[in-house]
Amino acid sequence: MPLMMSEEGFENDESDYHTLPRARVTRRRRGLEWFVCGGWRLLCTSCCDWLINICRRKRELKARTVWLGCPEKCEEKHPRNSIKNQKYNIFTFIPGNQRIPSDMVFLRTSEKAGSCFIRTDQLDGETDWKLKVAVSCTQRLPALGDLFSISAYVYAQKPQLDIHSFEGTFTREDSEPPIHESLSIENTLWAGTVVASGTVIGVVIYTGKETRSVMNTSNPKNKVGLLDLELNHLTKALFVALVALSVVMVTLQGFVGSWCRNLFRFLLLFSYIIPISLRVNLDMGKAAYGWMIMKDESIPGTVVRTSTIPEELGRLVYLLTDKTGTLTQNEMVFKRLHLGTVSYGADTMDEIQNHLMNPCPQAPSQASGNSASSAPPRKAQSSAPKVRKSVRSRVHEAVKAIALCHNVSPVYEPRAGVGGEAERTEADQDFSDGNRTYQAASPDEVALVQWTESVGLTLVSRDLASMQLRTPSGQIQTYSVLQMFPFTSESKRMGVIVRDESTAEITFYMKGADVAMSTIVQYNDWLEEECGNMAREGLRTLVVAKRALTEEQYQDFESRYSQAKLSLHDRALKVAAVIESLEREMELLCLTGVEDQLQADVRPTLEMLRNAGIKIWMLTGDKLETATCIAKSSHLVSRTQDIHVFRPVTTRGEAHLELNAFRRKHDCALVIPGDSLEVCLKYYEHELAELACQCPAVVCCRCSPTQKARVVKLLQRHTGRRTCAVGDGGNDVSMIQAADCGIGIEGKEGRQASLAADFSITQFRHIGRLLMVHGRSSYKRSAALGQFVMHRGLIISTMQAVFSSVFYFASVPLYQGFLMVGYATIYTMFPVFSLVLDQDVKPEMAMLYPELYKDLTKGRSLSFKTFLVWVLISIYQGGILMYGALLLFESEFVHVLAISFTALILTELLMVALTVRTWHWLMVVAEVLSLGCYVASLAFLNEYFDVAFITTVTFVWKVSAITMVSCLPLYVLKYLRRKLSPPSYCKLTS
C-alpha cells in the first residue's frame, strides 16, 4: 500500500492493508463435470500441501526450562526442555582463551570477583572486552560438584536474533525460602565469543541453529558478475541468429532432398557464431586481473580470493561499510572537558592536574552539609545551585564522577613465572601503573578512565561490589558499588549508585547522550550549545550528572528495583520506570568530548567515492550517537547537511507516520536504528528503500548481522544496481557474502571477514585504487575481450555464409582441418588475449578524476548497441574478404582459400591494433609472434595451399588489397569519431 501524504483518516487496523477477496461466484457448477474437476483439484491441493509441510517442517522456537540436576525427578513448570540428555543437562567447562561452543547461562567462574571478560569481536564487531557476571547463587556454592546436587532450574526465553538482549530467571527450590534471580544479557555467554579471563562454567540453553551466532548467519551464494550475465544474453542472441541463418539457408535451398540433414549441417558450419572460447579467454583474463591487483605496490597486502567477479569492481553503485575497525581505528582520545563557565582542551589539561593536586577545602563541609540536609531531598537539591562553587571544587566533582561512573575494570597481568593460584591472586593486587590495563564494553569508557589517570585520579581496583581510586597524593579511596545501570540503546545513558566508605554518602552518578540527559539535569543555558559545537568538531559527547541520596531513599528504590527485575512480563519497562524515579533534577557536572580516530585517509577516500557516483551507507552495530558522530567526522555527512534521525517505532502505524514525516524532507541524510529498521522492513520495505535511495547518505545503527545482509538484499532487489560490502569482523560476514562484491579488511577483529570476502585489503583507503584503477581496467578489458572473441567467430561465419550462397547454398565447409583449429588458437589467440593489458587512462588520471567512474556504471562498454556495431563490422569484413577473394582469383579454387584465409588472419591482427588504446610491449610481441607462426606454417600447409602461388607477387597484392578494403574504412571512422565526439577520458589525456 503506498504511503499517504496526509495523516488524517489513518487507522492502525491490519484489515485495512489486506487486499479484498475476490467476489464469490454465486453460480455453482453442477453435474459430473463439477464433481470430477473439483475432486481432482482437491486431491492435487491436498497432496501439494502435504509435500510442502514435509519439506518445510521446522521445529518451532519455544521458551525452555533447563534443570540443574535430574530433570526426570523435577516437576516441569515451563515448556519441556528442548535440549535432551540422558541424565543431566549439559554443563560446559571452558578455560581461558577458548571459544564458547554454544549459548549458555554463566553459572560459575574461577575469578574471585564472580565475573569474567569475554571477547565478542566475531559476534558484534566490537573489539572491547565485555564483562559477564555469574549467577550469584551458583557462584557462592562451596564446591563445583554442588552444581549437580542442587535442585534448580533456568528459564530462558525462546531463541531470537537480537544479540543484545536476554530475559530469563534462575530459581533454586531446595532452599528456604526459594531463591529467585533475574537473568539478563550480562549473565549469558553466546556461542562464538572467547573467554578472555579465568575459566567459566555454564549450562547450555541454545545449541545448533538456535544459537545467536547461527541465527545471524546467512548461507553464502555463488556470485556471478554482471558482465557474465550480459555476455550470456548476447550469446543467446547469437544462438538465435545461428538457428535463423541455418533456416534461411535451407529455405533458399528450396527444402530439396533431405532438408533436415542439410539444416543440421548448416548448424555445424555456422557454429563458430557461438563463441565457445569466450569462457576460456574471460577466465584467463580474470586470473590475470587478480594477479595484477595482488602485485600492485600501491595497495600492498591485497588478496584476490575469487576469480569470477573482478569486473564488478568497476560497476558498483552502492557501498555499504561497517564502522568499527573499518572507518575508525576504534581508539578513543579524550579531547575536551566543559564545566559550563570554563572549558579545558588538550593544551590545558595540566590546569586540571594542578586543581587535583591541591585538595578542595570545601569538600568536607560540603559533604557533611549534603548528608545533614538530605532528609528533604527536593529542598536540598533546589538550594544547591544557589551556592556558587569554586572552579577547583567543580573540577574535583567532575573528575571524580568520570572516574566512578563507568563499567571499566583494571586488569593486572600475572608476573613472569607465577604459576600458583595464590601467587596469581597476589599479582592481581600489584597496583603498579606499568602492569595495569583497562577493559570495558566501550572504548569511550576506557578513554575516560585513562584520562582521569593522566590527571591524577587513578582507578586501581574494581569488582562487582566495590572500586578503589588513588588520588594524586597516593591516598586510596574506596567506594561500594550498590547498583549498576548499564547503557542501553533505548535509555542512551548509564548510571551507578555508590557509597563512599569514608563518609557513608550515597551518590547516584549518571552519564549519557545529551538528548537523553537534557531533560534530566537541572536547568542550564549552555549544554545544548556546547554539545552542538563539539558534535561539529566530530567529538563524541557525554553529559555527566549526579544526585545525592539518603539511606531511606536508596532502600525504597532497591526494594522496587529488585521486584521489577524478577518480572517475566514487560521486565524492561518496569525496570526503566523504577530507574526513572531517580532521574529527576540531577546536578549537571560537566560535558566531555572524546574523539574516535579515523583510519588513514578515510575522508579523502569517501570523497573520492562520492565523486565517482557511489552512494555510501554505513551499517554498524554501535550506538546511534556514536554512529552519527563518526558519520560527521568522516565527512560521510557534511557539516552543513541536515540529518533526519528516524525515531523508534514499534508498530505499523508509527512506522507509517514516521515515513510520512521523512518524505517531507529533502536532501538530508538518514539515521535509522535497527529496531525501527526491522519494523519498516516488515511493513514498508518498498517505501523505505525508495526514500532511502534518494538520500545522499544513510546510517543504520544497532544493526544485527542479519539486518546488514537484509539491507544489502533490499538494495539489490529494489534498485537492481551492484552493491559492495566492506567489513572487518565476523559480524560483517553475512553482509559481505550477500553483496555482489565483498571486501574484507584485516584488522583487530581477526581475519574472518577477510577470508569470507572476495577481496581482502589491509586498509580502507585501498578501496579507492581498487575501484578507480583495477575495477575500471578489469571491466573495460573484459568488455573488449568478450566482444572481440565474438567478432572472431562472426567474421568467419559470415565468410562461410557468403561462400555457401555463391555456390548454390551448398552445405560444404570453406576451411577444413588444421586451418580452423589454427585460426582460433596460435594464429589469433595471443593478440586477442593481449587486450587484457590495454588501458584507456593511466592509473594516476583515474585517481585524479574519479568522475570517470560514473560512465562505467552505465554499462556502455558492453551493451546491445556496441554488440550490434561489432556484428555489422563482422558482416562487412567477412563479406569483403570472401567476395574480394572470389573476384580476384583466376585459375584454381585453392587460390581463393589462400587469399581469403591470409587476408582473414591479417585483418584480425589489424583489428586488434585498431582496438588497442595504450600499447604494451607484450602486445607487440603477441602480434609479431602470431604473424610469424602463420608465415612459418605456410611451408607445412601443402594440403591446403599452393606454396608456389603464395610466393608470387600476385598473391601479395591481392591479399593486401582485400585487407586494405576491409580495415581502412574502420580506421577512418575511428579517427573521425575521436575528433568529432571523443570520449571523456580522451579529453583528459589530451
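How many salt bridges does the count come to? In this predicted model, the count comes to 29 salt bridges. The close-up views below present several of them, together with a helix pair and a sheet.

**Figure 1. Arginine 315 and glutamate 230 form a salt bridge between their side chains.** The N to O distance is 3.1 Å. Arginine 315 belongs to the loop between β12 (303–304) and β13 (316–321), and glutamate 230 to helix α5 (residues 226–253), so the contact ties together parts that are 85 residues apart in sequence. Arginine 315 and glutamate 230 are both buried.

**Figure 2. A salt bridge joins the side chains of aspartate 444 and arginine 540.** Here the N to O distance is 3.0 Å. Because aspartate 444 lies in helix α13 (residues 443–455) and arginine 540 in strand β23 (residues 540–549), the pair ties together parts that are 96 residues apart in sequence. Both aspartate 444 and arginine 540 are buried.

**Figure 3. The side chain of glutamate 583 meets that of arginine 493 in a salt bridge.** The distance from N to O is 2.9 Å. Glutamate 583 is in the loop between α17 and β24 (587–598), whereas arginine 493 is in strand β21 (residues 493–500); the pair therefore ties together parts that are 90 residues apart in sequence. Glutamate 583 and arginine 493 are buried.

**Figure 4. Helix α16 (residues 551–565) packs with helix α17 (residues 571–580).** The angle between the two helices is about 170 degrees, and their axes are 8 Å apart. Angles over 145 degrees count as roughly antiparallel, which means that α16 is roughly antiparallel to α17. On the α16 side, Phe557, Arg560, Tyr561, Ala564 and Lys565 take part in the contact; they meet Arg571, Lys574, Val575, Val578 and Ile579 of α17. By class, the contact of α16 with α17 comprises six nonpolar and four charged residues, with no polar ones.

**Figure 5. Four strands, in the order β1-β6-β7-β8, make up an open sheet.** The pairing is antiparallel. Five bridges link β1 to strand β6 (residues 152–156) in the antiparallel sense. Threonine 65 stands opposite tyrosine 155 in β6.

Terms used: Residues are numbered from 1 along each chain as its sequence is written. This is a predicted model: local features need pLDDT of at least 70, side-chain atom pairs count only at pLDDT 80 or more; totals for chains, interfaces and linings use all residues. Side-chain values use heavy atoms; hydrogens and water are left out. Axes are lines fitted to C-alpha atoms, for helices over the stretch in contact, and angles run from 0 to 180 degrees between N-to-C directions. Angles under 35 degrees count as roughly parallel, over 145 as roughly antiparallel, 65 to 115 as roughly perpendicular and the rest as oblique. Contact means heavy atoms within 4.5 Å. Ala, Val, Leu, Ile, Met, Phe, Trp, Tyr, Cys and Pro count as nonpolar, Asp, Glu, Lys and Arg as charged, and the others, Gly among them, as polar. Two strands pair if DSSP finds at least two bridges between them. A salt bridge is a side-chain nitrogen of Lys or Arg within 4 Å of a carboxyl oxygen of Asp or Glu. Buried means under 20% relative accessible area, exposed over 50%, partly exposed in between (1.4 Å probe, protein chains only).
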